[in-house]
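Thanks for coming, everyone. Please have a look at the screen, and then I'll walk you through the model.

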Amino acid sequence: LRFLRYYVLTTWGVTKLREDELYDWFVKNEARAGYAADPIAFVDRLQEALDAYLAFFRGRARDGGAEPALESISLLAGGSTRQHLIMLLAGRDLPIDIFRMLCKDTEALLFTYLITRQTNREFEVMFPEWAPELAGVETLEQYEEFAERTLRRRRRELAPRFRREFAALNGQHLRQYQLRYVLAKLTQAVDLAAYGVTAEQLSRYCDGSNIHIEHILPQSPNDLVRAEFGEEADDPEVLWSIDKSCFG
């Protein structure tokens, strides 16, 4: 039902539609959907969109191959946030270089909302409104103009709050997969700055089976730790601040 709703939103420019309204919408909009006039073509288009939806949700390219830009979004969104799939579905036919820019801009907005603690329900209003225009984008110039008025503009509006919140970011305020994402991005950036190269796949830095989050300041300090760190050894603000954690 979620996929069908997103498909309607991105295909026919509908901006408001609940899942329990889907059946009535199709009944009333047969001429637009075309399922009676050419059911085979309708099902083919639906299947093509479903394949893309499932691939994007898993952080993969439409053909099932690796796609770092999609993987990063998937790692950030986890299994609870899916509204970004509205944007990805709307832009699924973009040239690959422009589609990757869409992924980057969408990821940046999702991250901004996470750090500034904005409700994701706003995406249910913004993304359906933006999707029809995005679906008509064909060139880089058109995409840049679209992104500046939508995704990037919203990020700029939240930028002052983002700077304040990120500076005070605390590991206890994030879910485990979100904390891994943040630390992975930081580690990836450090590798790029230090060595000029970095792993393209973000999962290289946050694979839970091989990489663990380490606290520079132990979570259960003993007398030796207190002697080394002083009074801050028992300070939860120091323990859980992001800059006191690293990947090991």
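Let's start at glutamate 48. Its relative accessibility is 27%, so glutamate 48 counts as partly exposed. Here, buried means under 20% relative accessible area, exposed means over 50%, and partly exposed is in between, with a 1.4 Å probe and protein chains only.

A word on the source. This is a predicted model, where local features need pLDDT of at least 70, side-chain atom pairs count only at pLDDT 80 or more, and totals for chains, interfaces and linings use all residues. Residues are numbered from 1 along each chain as its sequence is written, and side-chain values use heavy atoms, leaving out hydrogens and water.

Back to glutamate 48. Which residue forms a salt bridge with glutamate 48? Arginine 92 does, with the closest N and O atoms 3.1 Å apart. A salt bridge puts a side-chain nitrogen of Lys or Arg within 4 Å of a carboxyl oxygen of Asp or Glu. This pair links distant parts of the chain, 44 residues apart. Glutamate 48 is in helix 4 (residues 39–57), and arginine 92 is in the loop between helix 6 (84–90) and helix 7 (96–116). Arginine 92 counts as buried because its relative accessibility is 15%.

Salt bridges that share partners also build a network: Asp105, Glu144, Glu148, Arg152 and Arg156 are joined in it. The structure holds 17 salt bridges. Arginine 18 takes part in one with aspartate 20, at 3.0 Å between the closest N and O atoms. Arginine 18 also meets glutamate 21 in a salt bridge, at 3.1 Å from N to O. Aspartate 20 counts as exposed because its relative accessibility is 57%. Glutamate 21 has 28%, so it counts as partly exposed.

Now the fold. The chain has 14 helices and two strands. These are DSSP runs, numbered from the N terminus: helices are H or I with at least four residues, strands E with at least two. Of the 248 residues in the chain, 44% are buried.

Next, helix 5 (residues 68–77). How many of its ten residues are buried? Nine are, which leaves helix 5 mostly covered. The cover includes helix 4, helix 6, helix 7, helix 11 and helix 12 (203–206). Take helix 11 (residues 176–195): helix 5 packs against it at about 140°, with the axes 8 Å apart. Axes are lines fitted to C-alpha atoms over the stretch in contact, and angles run from 0 to 180 degrees between N-to-C directions. Helix 5 and helix 11 are therefore oblique. Under 35 degrees is roughly parallel, over 145 roughly antiparallel, 65 to 115 roughly perpendicular, and the rest oblique. In helix 5, Ser72, Leu75, Leu76 and Ala77 meet Tyr177, Gln178, Tyr181 and Lys185 of helix 11, where contact means heavy atoms within 4.5 Å. Just after helix 5, glycine 78 has a positive phi of about 65°.

Last, the rings. The whole structure has 19 aromatic pairs. Tryptophan 12 and phenylalanine 26 have ring centres 6.3 Å apart and planes at 90°, so they are edge-to-face. Rings of Phe, Tyr and Trp (its six-membered ring) pair if their centres lie within 6.5 Å; planes under 30 degrees apart count as stacked, over 60 as edge-to-face, and the rest as tilted. Tryptophan 12 sits in helix 1 (residues 2–12), and phenylalanine 26 in helix 2 (residues 22–28). Buried or exposed? Tryptophan 12 and phenylalanine 26 are both buried. They belong to one aromatic cluster, with Phe3, Tyr6 and Tyr7 among the other members.
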